[in-house]
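Open the model in your viewer and keep the sequence panel beside it. We will go stop by stop, with something to select each time.

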Amino acid sequence: MPQVEHMPSISSHPMEQLEPSPVDEEPPTLYNTDVKDENVANPEDLSADQHPTYFPPTGNRSTTNNLGISRSRIPSILLALQKYSTIPPSLYLIGHYTNTALIPLLTRSTQTAENSLLLTRPYYQSFPLEALLIFAPVVTHVASGLSLRIYRRFQAAKRYGAETHAQRRQMSKNLWPKLSLTSALGYALYPMMIAHVLVNRITPLKVHGDSSSVGLRFFSYGVKRHPWLANLGYTVLVSVASFHFVGGAAKYLKLTREYVTEGGDYGMRQRRLRSRVVNAVSVLVAAVWALGGLGVVGRGIGAPAGSAWELKQWDQVYRAVPVVGGMM
């Protein structure tokens, strides 16, 4: 029989000395989501150009998504949408603040402010200007801000090694960007604005087919019917709105504390001064708004009493408001 040549077993070969896995003796510095720079109040407002250390390099690999947009450009696009979408509503707000705060307070006449409001309202309530001036920019502003926070949280989770959804959820609490006071007030203002639009625009359209019967005297009538609810709700609304708008405008103009570049005691004093000035202006704007809106319009100073037909129309609108209409 032919001899079968025995193959040497694997164990007969001498073990080769393998190089250790390419792991550094000291782990590399990971991306830090907690920005330690005292000049940065809110990482949500940073851009790669202003603070390159906050955004790690993307490398040479392809980072283009299905839409053909480079992933490194996503934060800049969202920041631009969030920033420039505030311009149209700001133009509307200037006119609305003039009609509901400045004119009533200066003239001490609800009727004069009502005439001014009715004179300008057809322009910004016409189609498509209302949607382009108010609704679409506000939705864009809020949606881009939320998208930016979600995107940065997702990127931070990937840098810390979270590959699955469960892992991202486990470390999610520590990965969300810091929420500034201005941003928090903006998110709180959004449902208040929806309620305001619901009472003054949507419900009148549903009940009467238009909102021609809704004006400052309509608001005055509501305050007189439910003084505690109206005064409390209006005070909270104008306070939150004033601090959000003034703080956002100051940040837009780079007048907030995080834009102070000087260090030491001088820089600290400048940051403290800027915070106090922004807060003082916010308080002043809110106070004027409350004095004009509640002190004059809410009390119906300088306006004729509503006729029986007007009171009936206003009652129908208030009773038709969802959720709280039954209490009115």
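A residue is called buried when its relative accessible area is under 20%, exposed when that area is over 50%, and partly exposed in between (1.4 Å probe, protein chains only). Helices (H or I, at least four residues) and strands (E, at least two) are DSSP runs, numbered from the N terminus.

This is a predicted model: local features need pLDDT of at least 70, side-chain atom pairs count only at pLDDT 80 or more, and totals for chains, interfaces and linings use all residues. Residues are numbered from 1 along each chain as its sequence is written, and side-chain values use heavy atoms, with hydrogens and water left out.

**Whole chain**

Show the cartoon. The chain has 10 helices and zero strands. Of its 328 residues, 35% count as buried. Contact means heavy atoms within 4.5 Å. Take the contacts with a separation of 6 or more: residues 24 or more positions apart account for 73% of them.

**Helix 3**

Now pick out the buried residues of helix 3: Thr 110, Ala 113, Glu 114, Ser 116, Leu 117, Arg 121 and Tyr 124. An α-helix has 3.6 residues a turn, so residues three or four places apart point the same way. What covers the buried residues of helix 3? The cover includes helix 2 (87–107), helix 4 (129–159), helix 7 (216–225) and helix 9 (264–297).

Go to the start of helix 3. There, a side-chain oxygen of Ser 109 comes to within 3.5 Å of the backbone nitrogen of Gln 111.

**The loops on either side**

Select Arg 108, in the loop between helix 2 and helix 3. Arg 108 is not a glycine, yet its phi is positive, about 55°. At 44% relative accessibility, Arg 108 is partly exposed.

Next, select Phe 127 and Pro 128. The peptide bond from Phe 127 to Pro 128 is cis, with omega near 0°. Pro 128 sits in the loop between helix 3 and helix 4. Most residues other than glycine have a negative phi, and most peptide bonds are trans.

Jump to Lys 254, in the loop between helix 8 (227–252) and helix 9. Lys 254 has a positive phi too, about 60°, and is not a glycine. Lys 254 counts as partly exposed, at 45% relative accessibility.

**Aromatic pairs**

Rings of Phe, Tyr and Trp (its six-membered ring) pair if their centres lie within 6.5 Å; planes under 30 degrees apart count as stacked, over 60 as edge-to-face and the rest as tilted. How many aromatic pairs are there by this rule? The count is six.

Show Tyr 92 and Tyr 124. They form an edge-to-face pair, 5.0 Å centre to centre, with 70° between the planes. This pair links distant parts of the chain: Tyr 92 in helix 2 and Tyr 124 in helix 3, 32 residues apart. Tyr 92 is partly exposed at 21% relative accessible area. Tyr 124 is buried at 12%.

Then show Tyr 221 and Trp 314. This pair is tilted, 5.5 Å centre to centre, with 45° between the planes. Tyr 221 is in helix 7 and Trp 314 in helix 10 (residues 308–319), 93 residues apart. Tyr 221 is buried at 17%. Trp 314 is buried at 4%.

**A charge over a ring**

Select Lys 83 and Tyr 252. Lys 83 lies over the face of Tyr 252, at 5.0 Å from the ring centre. The rule asks for NZ of Lys or CZ of Arg within 6 Å of the ring centre and within 35 degrees of the ring normal.

**His 96**

Is His 96 buried or exposed? With a relative accessible area of 18%, His 96 is buried. You will find His 96 in helix 2. Leaving aside neighbours within four places in sequence, His 96 is in contact with His 196 and Trp 289.

**Annotated spans**

Residues 131–151 are 100% helix and 0% strand, with end C-alpha atoms 27 Å apart. Residues 179–199 are 90% helix and 0% strand, with ends 30 Å apart, C-alpha to C-alpha.

Terms used: Polar contact = N/O pair within 3.5 Å; in protein donor to acceptor, adjacent residues only side chain to side chain.
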